[in-house]
Structures are given as C-alpha cells and as structure tokens.
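The points are grouped by topic and may be read beside the sequence and the model.

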Amino acid sequence: MQGVAKKIQISALRVWYGKKEAIRGISLDVHEHEILAVIGPAQSGKTTLLKVINRTIEFIPRARVEGTVKVDDVNVKDVKNVYQLRRKIGMVFPMPVGLPLSVYDNVAFAPRAAGLRNRSELDGIVERSLRQAALWDEVKDRLKSLGTKLSGGQQQRLTIARALSHEPEILCLDEFSIAIDPVTTMRIEDVLKELRSQMTIILVTNLVHQARRLANRTAFLYNGELIEIDSNAVIFSDSPASRMTYDYVTGSFG
Amino acid sequence: MDYPSKTMKQEPVRGSENLFAQTPFVRRKKRTEWVARSVFLLMALLMVCPLIFIVCYLFYKALPILSLDFLLANPARGMRAGGIWAPFVGTIYLIVISLLVSAPIGVLAAIYLNEYARDNWLTRFINLAVVNLAGVPSIVHALFGLGAFVLFAQMGRSVLAASLTLAIMTLPVIIASTRESLGSVPMAFREACWNVGATRWQTIRQIVLPNSVSGILTGIILQVSRAAGETAPIMFTGAVFYKAIPEGAIFAYGLFDQCMALSMHLFTITTQVPGVPEALPYGIAIVLVGTVLLVNAVSIVFRVAFRSRKKW
C-alpha cells in the first residue's frame with residue numbers, strides 16, 4: 001500500500017518469556033488512522049505484542065525482546081523518555097481497573113503525572129475524556145466518588161477515559177469487552193468508530209465478529225506467528241490467503 | 001462410585017417422602033465433623049489460657065504495690081522500695097530512638113525490595129540477609145552491639161548504642177511486615193499507572209503507599225513491645241542498674257548517657273538484690289505486660305479502623 005502513512009512498523013519481532021517463545025518473528029505495519037484488529041486464539045502473542053509497543057514488557061521479569069518496533073519512524077528502544085512514549089499510547093486492559101482514587105483523580109492521574117497542575121486545565125481534560133468515553137453523564141455529579149466503587153461497565157469506560165486523558169496518538173485495546181455487558185460494549189464500539197479519525201487504534205480481540213464490525217484491517221496471529229494480515233474484505237471473504245484464517249474466522253477452531 | 005456400596009442400600013428414592021433423610025453414611029460424616037470442630041476449638045481455647053493465667057497471676061501478685069506513685073517515683077533504698085520512674089523513662093527512650101532508626105530504614109528497604117528489585121543475585125542475597133538477621137539470638141545482637149557500637153564506634157555504653165542494637169533487632173520484622181503490606185496492593189493498579197506514563201515512584205507515592213500505610217504502621221507498632229521487653233541487647237550496651245535522675249523529669253537522659261530500663265531493672269532486682277519485697281518485680285512485670293497489651297490493642301484498633309475504609 002503505497003502512500004499510506006505507517007504509524008507503527010514492526011519487523012522481525014521475537015519475544016521470549018524465559019525459555020518460552022511468545023512471539024516468533026512477526027513483521028507488520030499499522031497504518032495511521034486505521035483500526036487494526038488482532039485476532040487469534042489464546043497464547044498467540046496478542047497481548048505481548050501490545051506490551052512491546054509501549055515497552056511495558058520491561059516490567060515483566062525474564063522477558064527478552066529482539067527485533068525492531070518503530071513508532072513514527074523512531075525505534076521505541078531508542079526513545080529516551082519512555083514515559084512520554086507511554087503517554088503517546090493509550091492502553092486498555094481486559095479487566096476494568098478503577099484506581100482507588102476519586103473518579104476525577106482517576107482521569108486526572110495521567111496529566112498530573114506529566115506535570116500538569118493547573119486546575120481549570122485538568123477540569124477540562126477530565127470532562128473531555130469522560131465525554132469521549134461515554135461516561136460523563138453518569139458520573140458528572142459524583143466526580144468525587146471512589147473509582148473502585150463504579151460498576152464493571154463504568155470502570156471499563158473509566159479505564160478508557162484514563163487512556164484518552166493524555167491524548168494518545170495510538171489507542172490499544174486488549175479484549176476490552178470480555179468483562180462488560182453488551183450494551184456498554186456497543187457504546188464503547190461507537191466511541192471507537194468516532195475516535196478513528198483522531199488516532200490509530202489497535203484492537204486485540206477474541207471476538208471475530210467484533211473485528212469484522214469495527215476494523216479496517218485484521219491481523220490473524222496463531223501461536224506467536226503472524227498468519228495473515230489484510231483488509232477486512234479479504235480476511236472475512238471466502239478466500240483469504242491462508243486456509244487457517246478461513247477456518248478460524250468461520251469458527252472451525254479456536 | 002467411590003463410596004462403599006453398602007451404605008447406599010438405604011439411599012432414599014426420588015419422589016418418596018424422605019428425600020432428605022439421613023443415611024448412616026451421612027450420620028458418620030456429621031459425627032466426624034463435630035469431633036474435628038471440637039478438637040480445633042479446644043486447641044484454640046487452650047492457646048488463650050496461658051495468656052489469661054499469666055496476666056491474672058501477675059496482677060494478683062503485684063496488687064500490693066501498684067499505685068500511681070509506683071510509676072512516678074524513682075527507685076529508692078537500693079531498689080527495694082520506691083517506684084520505677086527512671087527505668088520507665090529509660091525504656092521509652094530506647095523504644096523511641098530505636099524505632100526512629102529502624103522504621104525508616106526498614107520501610108524504605110522494603111519498598112526497594114518489593115517495588116524495584118529485580119530477580120538477580122543481589123536481591124536474593126539481600127532477602128537471605130534479612131531472613132537470617134531475623135533469626136539471630138538476642139544475646140548475639142548484644143555482643144554485636146558491644147563490639148560495633150560501644151567499642152568500635154566509640155559510643156561507649158550509652159542510650160545510643162543500646163538503641164542501635166535494638167534497631168538492628170527489630171529491623172527484619174519491620175521489613176517483612178512492610179513488604180506484606182505493600183504486596184497486598186493489587187498489581188493491576190500499578191500496571192494501570194505505568195501504562196499511562198507514570199514512573200514507579202509516582203505510582204508508589206500516589207497509589208501503593210497510601211494504601212499500605214495502616215499495615216506498615218501496625219508492623220512498626222508491634223515492634224514496640226519487642227523493644228520494650230528485651231534485656232540482653234541492652235545489658236552490655238547501655239542499660240545500667242542505677243542512674244540517678246530527677247523524679248518526674250521526662251528529658252532525663254542524654255544520648256550518650258547510660259540509662260535504666262524496665263527489663264534490665266526486673267532482671268537485676270530478681271537476681272542480684274536480696275530482700276526485695278515480693279510484689280516489686282511483679283509490679284514491673286505487670287507494667288511491661290500492660291504496655292504490650294496496650295500497644296497491641298492500639299494496633300488492632302488501627303487495623304479495624306482502616307479496614308472499614310477499604311478502598312477496593
């Protein structure tokens with residue numbers, strides 16, 4: 001695909017957890033302003049891939065990374081301010097995580113960690129992020145209540161608000177919908193569709209139909225290897241490049 | 001089927017009236033359950049008995065001598081009469097100074113070990129050292145204190161040397177209880193913070209520490225009773241049998257003075273002073289035990305108060 005800006009370029013990536021090889025040589029590109037779905041069964045390396053991009057793999061003891069990952073043409077390994085890199089990338093986990101702070105402090109945590117102290121600016125950021133995460137109407141009267149006391153669906157939207165609070169250019173979601181109800185999932189999916197124009201989104205999911213609904217392109221990972229990556233039109237058609245892709249997408253295995 | 005078919009002969013038939021009737025099999029199991037519970041309950045009650053016995057016996061024996069004067073007056077007539085003010089103040093000095101040293105070092109070391117340390121040989125070595133330090137007998141601590149602080153560092157026998165010896169003794173337990181407290185904060189919180197670009201220290205300062213404070217304080221408070229009760233570590237390093245201080249004075253000892261201490265006082269009057277009224281050593285013992293119970297009660301209140309404010 002010529003002329004498409006590449007936001008993330010991964011080449012020859014290999015990751016080990018101790019002796020176990022979790023990613024065995026993956027090369028793929030993520031284009032700007034696209035939603036890339038990453039599908040595959042458990043243990044295929046999807047979460048590891050996300051952790052490598054924002055370098056949180058460094059917090060896992062005995063994790064070893066080889067290969068290059070470039071964000072905006074800069075190798076993430078060479079980045080001096082890794083905290084700035086992490087603020088460029090928003091991360092959402094499978095389990096909703098409300099920090100044991102007030103809702104306001106939950107969302108203001110990231111800008112404050114970056115050094116922002118101005119109260120009115122923080123107010124603006126909190127409101128904007130909560131609106132973007134479709135949570136503002138439900139919590140605007142109780143911004144002081146504890147983040148851990150919200151419901152699961154609200155906490156997941158709080159996590160998304162927190163991920164959006166530092167205005168990331170890349171948003172990574174790791175199976176964000178497995179612990180929340182379908183209605184909240186639908187609302188968040190609408191949010192993601194709106195956000196695509198502002199940022200690049202990587203959506204790791206076990207739900208093939210979710211990938212089909214939301215993504216422009218889909219990458220199929222299996223056992224640490226990239227089986228196929230292509231536009232949704234190809235992956236979900238009757239003849240993707242790999243037989244395994246067809247079997248997985250139609251539910252024959254995994 | 002893994003139970004003997006013999007007992008299934010009387011299995012109730014579905015649809016009949018006695019669907020929930022007890023078979024002999026069930027009756028046997030219920031009897032065994034009752035026996036097991038009774039044994040465990042008995043053991044638990046047995047555990048409480050020594051404490052109750054000790055407190056009651058000490059109280060009964062100390063009754064003749066207990067009074068406010070006992071606490072506030074100085075020992076007199078060669079320790080055979082008077083009160084325990086000087087040793088009481090001395091013990092408090094030792095507790096406070098030793099905790100001032102061991103609490104910060106212990107907490108900061110535990111934060112490093114739990115939040116920063118990687119799994120390499122250095123970390124393993126430090127962990128080994130902490131565990132072994134916890135197992136050193138108190139008399140060995142005493143000899144170390146004598147050699148290192150009194151002689152080598154030339155502090156002489158002093159409150160400082162004795163406090164430092166006590167500090168080394170209480171350090172491992174403070175480290176262990178702080179680590180446990182820090183470990184009770186779920187990892188998910190830390191990961192959430194790291195992923196938005198916070199440093200480890202920002203995460204610790206804003207999420208981990210505020211939610212571990214109660215456990216850390218409890219661990220430190222519990223070491224108070226240990227520091228108050230030990231005799232050996234202070235015997236060679238700073239505690240003396242007699243030192244005159246003004247009655248009712250709070251700031252009676254200087255850092256490099258020798259001091260009296262409750263545990264030392266109890267030891268000497270029971271072993272080395274003839275003709276001491278019987279109630280006197282029991283009075284000192286009651287004060288020591290009372291301090292321990294009071295301190296533990298405070299830490300329990302703390303823990304209960306913080307648990308009700310649980311944030312997740």
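How many residues of chain A are in contact with chain B? The contact involves 21 residues of chain A and 17 residues of chain B, two residues being in contact if their C-beta atoms, placed from the backbone, lie within 7 Å. This is a predicted model: local features need pLDDT of at least 70, side-chain atom pairs count only at pLDDT 80 or more, and totals for chains, interfaces and linings use all residues. Residues are numbered from 1 along each chain as its sequence is written, while chains are lettered from A and ligands numbered from 1 in the order in which they are written.

**Where the chains meet**

- Helix H2 (82–88) and helix H3 (103–113) of chain A are the elements that give two or more residues to the side of chain A that touches chain B; helices (H or I, at least four residues) and strands (E, at least two) are DSSP runs, numbered from the N terminus.
- H2(A) provides the largest share of that side, with 4 residues.
- By class, the side of chain A that touches chain B has 13 nonpolar, 5 polar and 3 charged residues. Ala, Val, Leu, Ile, Met, Phe, Trp, Tyr, Cys and Pro count as nonpolar, Asp, Glu, Lys and Arg as charged, and the others, Gly among them, as polar.

**Chain A as a whole**

- Chain A contains 10 helices and 10 strands.
- Its radius of gyration is 18 Å, close to the 18 Å that the globule rule gives for 254 residues, so chain A is as compact as a globular protein of that length. The radius is taken over C-alpha atoms, and the rule is 2.2 Å times the number of residues to the power 0.38.
- Of the 254 residues of chain A, 43% count as buried, that is, 20 or more other C-beta atoms, placed from the backbone, lie within 10 Å of the residue's own.

**The sheets of chain A**

- An open sheet of 6 strands has the order S6-S7-S8-S3-S9-S10 (chain A), with mixed pairing; two strands pair if DSSP finds at least two bridges between them.
- Its edge strands are S6 (89–92) and S10 (225–231) of chain A, each pairing on one side only.
- S6(A) pairs with S7 (residues 170–174) of chain A in the parallel sense over 4 bridges, and Ile89(A) stands opposite Ile170(A) in S7(A).
- A further open sheet has 4 strands in the order S2-S1-S4-S5 (chain A), and its pairing is antiparallel.
- Strand S1 (residues 6–17) of chain A is joined to S2(A) by 9 bridges, and Leu13(A) has Ile26(A) as its bridge partner in S2(A).

**The core and a buried helix**

- In the largest nonpolar core, which has 141 residues, Val38(A), Cys172(A), Ile202(A), Leu203(A) and Leu94(B) touch the most other members. Such a core is a set of buried Ala, Val, Leu, Ile, Met, Phe, Trp, Tyr and Cys residues joined through C-beta atoms within 7 Å.
- Not counting residues up to four places away in sequence, Ile202(A) touches Val30(A), Leu36(A), Val38(A), Leu50(A), Ile170(A) and Cys172(A).
- In helix H11 (residues 262–271) of chain B, 7 of the 10 residues are buried, so this helix is largely enclosed by the rest of the structure.
- The buried residues of H11(B) include Leu262(B), Met264(B) and Ile269(B).
- The buried residues of H11(B) pack against helices H3 (85–116), H9 (213–229), H10 (232–235) and H12 (279–307) of chain B.

Notes. A residue is buried if 20 or more other C-beta atoms lie within 10 Å of its own, exposed if 12 or fewer, and partly exposed in between; C-beta atoms are placed from the backbone.
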